[in-house]
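User: I am new to this structure. Could you show me how to read its features, one at a time?

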Amino acid sequence: MDVFGPVADLYETVRPGYPPRIADEIVAYHGGTPASVVEIGAGTGKGTEVLTRIGAPLTCLEPDPRMAALLATRFPDLEICASTFEQWSPPAGGVDVLACATAWHWMDPATRNEHAWRALAPGGTLAIFGHRFDYTESAQRAAIQSALHAIDPTVRQRPTDWFHQDIVDHGQFVNVRKEVFRRDLPLDKERYLGLVRSFGEYLSRSPQQQQRGLTMLGRLVDDFGGTVVLDLRTTLVLGQPRGRTHAR
């Protein structure tokens, strides 16, 4: 699905990175530095920035050629595979760590857990992490939600930490652990609207809805005094493949 390619540069500029501590959490959970890491849906490399800190050979899967080109520019020494997760064939014996940063929802929900289980080596680690964007001020949250609902009443947000529940419910992984990191992210109007323009929910709407949304949100930010403060919640979920775990 060609969603983010046309805005690859914007995506790289406005999307916030991930806490560096995520790399330490993955290594600690795995029981040491893994022999290999594969990142699903690497995009422009926001999650890659963290995963390179692990210090293991890293392969990135990214099917969009424009996103992959930007990723290759940023990380010229990494192996980049132009493939979707569903089309990718894991190496014999599997990989030690399979990671995904804010892309799990783009994978086929009917097969993603099973495919991840099959991709991991015995004793391997699944590491799924992602951001959730909220607002520190309830008045800002209510005004923005009301504006978006007026544009498209069908808009629905996934539950907080939904991918943790997805992994638990499918039963392919055990010793599932969740870590949450939070920080305030103040944005001026230009930066905030740029962030909105990088979201899949925005990009999947009609040009008329997009323009109407930006206009309404811009006016709201002006009413807020020119700044929006986001409550940025980053969740990391770790798990081991059922039936192929090592003692830790």
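Analyst: Start with one residue; note that the model is predicted. Isoleucine 22 touches Val50, Phe129, Phe181, Thr234 and Leu236, leaving out residues up to four places away in sequence.

User: Which residues touch the most other members of the largest nonpolar core?

Analyst: The general idea comes first. Nonpolar side chains tend to be buried together in soluble globular proteins. Here the largest nonpolar core has 23 residues. Ile22, Ile26, Leu51, Ile54, Phe129 and Leu236 touch the most other members. Elements giving two or more residues include helix H2 (21-30), helix H3 (46-51) and strand S5 (120-135). H2 gives the most, with 4 residues.

User: Is glutamine 210 buried or exposed?

Analyst: Compare the relative accessible area with the cut-off: buried means under 20%. Glutamine 210 has 18%, so it is buried. This residue lies in helix H10 (residues 207-223). A polar atom of its side chain lies 3.2 Å from the backbone oxygen of arginine 205. Beyond its neighbours within four places in sequence, glutamine 210 contacts Tyr202, Leu203 and Arg205.

User: What is phi of aspartate 161 near?

Analyst: Phi of aspartate 161 is near 55 degrees, a positive value in a residue other than glycine. Aspartate 161 sits in the loop between helix H6 (138-151) and helix H7 (162-170). It counts as buried, at 11% relative accessibility.

User: Where is asparagine 175 found?

Analyst: Asparagine 175 is in strand S6 (residues 173-188). Its phi is positive, about 50 degrees, although it is not a glycine. At 47% relative accessibility, asparagine 175 counts as partly exposed.

Note on methods
Residues are numbered from 1 along each chain as its sequence is written. This is a predicted model: local features need pLDDT of at least 70, side-chain atom pairs count only at pLDDT 80 or more; totals for chains, interfaces and linings use all residues. Side-chain values use heavy atoms; hydrogens and water are left out. A nonpolar core is a set of buried Ala, Val, Leu, Ile, Met, Phe, Trp, Tyr and Cys residues joined through side-chain atoms within 4.5 Å. Buried means under 20% relative accessible area, exposed over 50%, partly exposed in between (1.4 Å probe, protein chains only). Contact means heavy atoms within 4.5 Å. A polar contact is a pair of N or O atoms within 3.5 Å; within protein, one must be able to donate a hydrogen and the other to accept it, and residues adjacent in sequence count only if both atoms are side-chain atoms.
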